[in-house]
Amino acid sequence: MLKKNSPSRREILKWLAATMGAGISASCTQAALNFTSQDDHIVSTSELQVRVAQAFADVIIPETDTPSASQAGVGKFLRYAINTWYSETERQTLFTGINEIISMHSRSDGLAVLELSVSRKAQLLEALSESNPDAFVALRELVVVGYFTSRVGATQALHYLPMPGHYDGDYQVDEASRAWSS
């Protein structure tokens, strides 16, 4: 449960949709609304691809004055969303992009991608955004939604103000000014 006065998952999704400048896919929305951190789904199609996606989550949301994506538990969210809510087409788009990342680095060992430096991972993500924008957007969407709907994202990264400013119930209005309503 989130702290009292913390935003709900629905409120966070509305905020994310507005700040991302676009809607969030239906699959990602359903995953965010139904995910609990106790879910521990394993994707049967490719464990390596999911592990690569998790490894690149910290490049998208690194540790700063707030925890990183992996510290927020985004890996479990990725597994859940991909396994439970993604259609076969969405899964194929994402995994095609992850396979491109693996092949851009090394043709022989996909596990080597997991050990790359952050700067090299960032270069590979940039290359993916140019070669396969759909896969890049899908991965970024999963990471961002997973992060900001997690307890860490909702309570530490977001600064939630239920009502911006202060309330003055005894504000004096003179006759010349207008009254405002919302």
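Proline 62 sits in the loop that links helix 3 to helix 4. With a relative accessibility of 38%, proline 62 counts as partly exposed. Setting aside residues up to four places away in sequence, proline 62 touches Pro67 and Ser68. Further along the chain, valine 118 is 56 residues away from proline 62, yet their C-alpha atoms are separated by 9.3 Å.

Before going further: this is a predicted model. Now for the overall layout. The protein has 8 helices and 0 strands, so the pattern along the sequence reads α-α-α-α-α-α-α-α. Of its 182 residues, 40% count as buried. What share of the contacts between residues at least 6 apart in sequence joins residues at least 24 apart? That share is 75%.

### The core

The largest nonpolar core has 43 residues, and Phe56, Leu94 and Leu142 are the members that touch the most others. Six helices each put in at least two residues: helix 2 (26-34), helix 3 (47-60), helix 4 (74-85), helix 5 (88-105), helix 6 (118-131) and helix 7 (133-148). Which helix supplies the largest share? Helix 7 does, with 10 residues.

Leucine 94 is a handy place to start exploring. Not counting residues up to four places away in sequence, leucine 94 touches Ile82, Tyr86, Ala135, Ala138, Leu139 and Leu142. Leu142, one of those partners, is also named among the core members with the most contacts to other members.

### How the helices pack

| Helix pair | Axis distance | Crossing angle |
|---|---|---|
| Helix 3 and helix 5 | within 10 Å | roughly 75° |
| Helix 3 and helix 7 | 10 Å | about 75° |
| Helix 6 and helix 7 | within 5 Å | roughly 125° |

Take helix 3 and helix 5, whose axes cross at roughly 75°. The two helices are therefore roughly perpendicular to each other. On the helix 3 side, the contact is made by Leu48, Gln49, Val50, Val52, Ala53 and Phe56, while helix 5 brings Phe95, Ile98, Asn99, Ile101 and Ile102. By class, that contact of helix 3 with helix 5 splits into 9 nonpolar residues, 2 polar and no charged.

Helix 3 also packs on helix 7, at an angle of about 75°. That makes helix 3 roughly perpendicular to helix 7. Ala53, Phe56, Ala57 and Ile60 of helix 3 make this contact with Leu139, Arg140, Val143 and Val144 of helix 7. The class count here is 7 nonpolar, no polar and 1 charged. Phe56 and Ala53 thus turn up in the helix 3 contact with helix 5 and in the helix 3 contact with helix 7.

Helix 6 and helix 7 cross at roughly 125°, which makes helix 6 oblique to helix 7. Leu125, Leu128, Ser129, Glu130 and Ser131 in helix 6 meet Pro133, Ala135, Phe136 and Leu139 in helix 7. How many residues of each class take part in this contact of helix 6 with helix 7? There are 6 nonpolar, 2 polar and 1 charged.

Back on helix 5, threonine 96 is worth a click. Its relative accessibility is 31%, so threonine 96 counts as partly exposed. Aspartate 134 is 38 residues away from threonine 96 in sequence, with 9.9 Å between the two C-alpha atoms.

A pair of aromatic rings is described by the distance of the centres and the angle of the planes. The structure holds 1 aromatic pair. Tyrosine 147 and phenylalanine 148 form that pair, edge-to-face, at 5.0 Å centre to centre and 85° between the planes. Are these two residues buried or exposed? Tyrosine 147 has 1% relative accessibility and counts as buried. Phenylalanine 148 is buried too, with a relative accessible area of 16%, because the cut-off for buried is under 20%.

Aspartate 65 is 92 residues from alanine 157 along the chain, and their C-alpha atoms are separated by 8.6 Å.

Conventions: Residues numbered from 1 in each chain as written. Predicted model: local features only at pLDDT ≥ 70, side-chain atom pairs only at ≥ 80, totals over all residues. Heavy atoms only, no water. Core = buried A, V, L, I, M, F, W, Y, C linked by side-chain atoms within 4.5 Å. Buried < 20%, exposed > 50% of the residue type's maximum accessible area, 1.4 Å probe, protein only. Helix = DSSP H or I, 4+ residues; strand = E, 2+ residues; numbered from the N terminus. Contact = heavy atoms within 4.5 Å. Axes fitted to C-alpha atoms, helices over the stretch in contact; angles between N-to-C directions. Parallel < 35°, antiparallel > 145°, perpendicular 65-115°, else oblique. Nonpolar A, V, L, I, M, F, W, Y, C, P; charged D, E, K, R; others polar. Phe/Tyr/Trp six-rings, centres within 6.5 Å; stacked < 30°, edge-to-face > 60°.
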